[in-house]
Amino acid sequence: MTVVIGFEGSANKIGIGIVRDGEVLSNPRRTYITPPGQGFLPSETAKHHRSVILTVLQEALDEAGLKPADVDCVAYTKGPGMGAPLVIVALVARTVAQLWEKPLVGVNHCIGHIEMGRLVTGARNPTVLYVSGGNTQVIAYSERRYRIFGETIDIAVGNCLDRFARVIKISNDPSPGYNIEQMAKKGKQYVELPYTVKGMDVSFSGILSYIEEVAHKMLSSGQCSAEDLCFSLQETVFSMLVEITERAMAHCGSQEVLIVGGVGCNLRLQEMMGVMCEERGAQLFATDERFCIDNGAMIAQAGWEMFRVGQTTELADSWITQRYRTDEVDVAWRD
């Protein structure tokens, strides 16, 4: 039986997970939370990760009931993500691999989300909507690659939501996107916002610029509430995502949709996608916050797949890259 430990820390979450042949043995995680109205800087995020990563590592081993000798491979997030936090995780993973005398595997963060989603939901060959703070892509598998059919041409959907949360000082605890989702449930009035779909791609920067400009005017004049703006923003950006996902499904002849990434936890997005799938006679697969939010187990699972087909990373090649596209990875384990 193959046991893989995975280190993830590409953004404001540091997680270490252990997987054994498709079974998640442990998956502890910590989140760096900033005050309302503020984002998280790479240097400060890296400092947070550095302060807790060894504690999280011990938790992962204790929770799994394993010793270093029981681990067969060490996987880490190579990218994409924020440079400084990625470096901290790669440094610790490299050190652990050498101390434990285990092979090392550098994992694409996006592939980690997809493989975790496939494992947890049982989706066989889905059209994937990958939505997070740093990424927005519609993906399908073909000929040993996860092909990107559509993506954001500027900022990610999660970044759009996070930056709007800063404008109206929504709390970052547990996450700005979660708090926007809760406020949106109380929204009663739809405020029309720009809707920008360009073929298979989407754009969120114009929507963000517009809502940043009008938010304080509309709120101070009583034209709408903060809850109305949260509702309107969600409805608009999620409609765009459902549209391009359906277009990719039609192109691929797919009858499965898998939503992954931190924004994929949003129940309203899942509901809207579910309606589209029902109309097409398709099936929707989604996970909860344990696995859709960045976590170590997803890196361990992708690393497990790679290790089994002989894909390992030499120490000299164990760098990180902030720009590591989903379609650059040789997906040898699928065939």
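**Entry 1: His-113**

I looked up His-113 and found this residue in helix H3. I am working from a predicted model. UniProt, in an unreviewed entry, marks His-113 as "binding site", together with His-109, Tyr-130 and Asp-294. I checked how these residues sit in space. They are spread over 186 residues of sequence, yet they cluster, with a largest C-alpha distance of 12.1 Å. Of these residues, the lining of the largest cavity includes His-113.

**Entry 2: the cavity**

I next asked how many cavities of 30 Å³ or more the structure holds. I found one. The largest cavity contains about 40 Å³ of space. I listed its lining: His-113, Met-116, Gly-117, Ile-259, Val-260, Gly-261, Thr-287, Phe-291 and Cys-292.

Which elements each supply at least two residues of that lining? I noted helix H3 (109-121), strand E12 (256-260) and helix H9 (289-292). H3 gives the largest share, three residues.

I turned to the second largest pocket, which holds about 190 Å³ of space. Its lining takes in Lys-78 and Gly-106, then Met-306, Gln-311, Thr-312, Thr-313, Glu-314, Asp-317, Trp-319, Tyr-324, Val-329 and Asp-330. I sorted this lining by class: four nonpolar, four polar and four charged residues.

**Entry 3: H4 against H5**

I then looked at a helix pair. Two packed helices are described by the distance between their axes and the angle between those axes. For helix H4 (residues 157-167) and helix H5 (residues 176-184), the axes come within 9 Å and cross at roughly 75°. Angles of 65 to 115 degrees count as roughly perpendicular, so I logged H4 and H5 as roughly perpendicular to each other.

Which residues make the contact? From H4 I wrote down Leu-161, Asp-162, Phe-164 and Ala-165. From H5 I wrote down Pro-176, Gly-177 and Ile-180. The residues of this contact divide into five nonpolar, one polar and one charged.

**Entry 4: the annotated domain**

Last, I checked the domain record. UniProt (unreviewed entry) places "domain: Gcp-like" at residues 29-300. Over residues 29-300 I read 52% helix and 17% strand. The end C-alpha atoms of this stretch are 14 Å apart.

Terms used: Residues numbered from 1 in each chain as written. Predicted model: local features only at pLDDT ≥ 70, side-chain atom pairs only at ≥ 80, totals over all residues. Heavy atoms only, no water. UniProt positions renumbered as here; feature names shortened; annotations may be inferred. Helix = DSSP H or I, 4+ residues; strand = E, 2+ residues; numbered from the N terminus. Axes fitted to C-alpha atoms, helices over the stretch in contact; angles between N-to-C directions. Parallel < 35°, antiparallel > 145°, perpendicular 65-115°, else oblique. Contact = heavy atoms within 4.5 Å. Nonpolar A, V, L, I, M, F, W, Y, C, P; charged D, E, K, R; others polar. 1 Å grid on protein atoms, 1.4 Å probe; cavity = no way out; pocket = protein on both sides within 12 Å on 5 of 7 lines; lining within 4 Å. Points joined across faces, edges and corners; volume = space filled by probe spheres on them.
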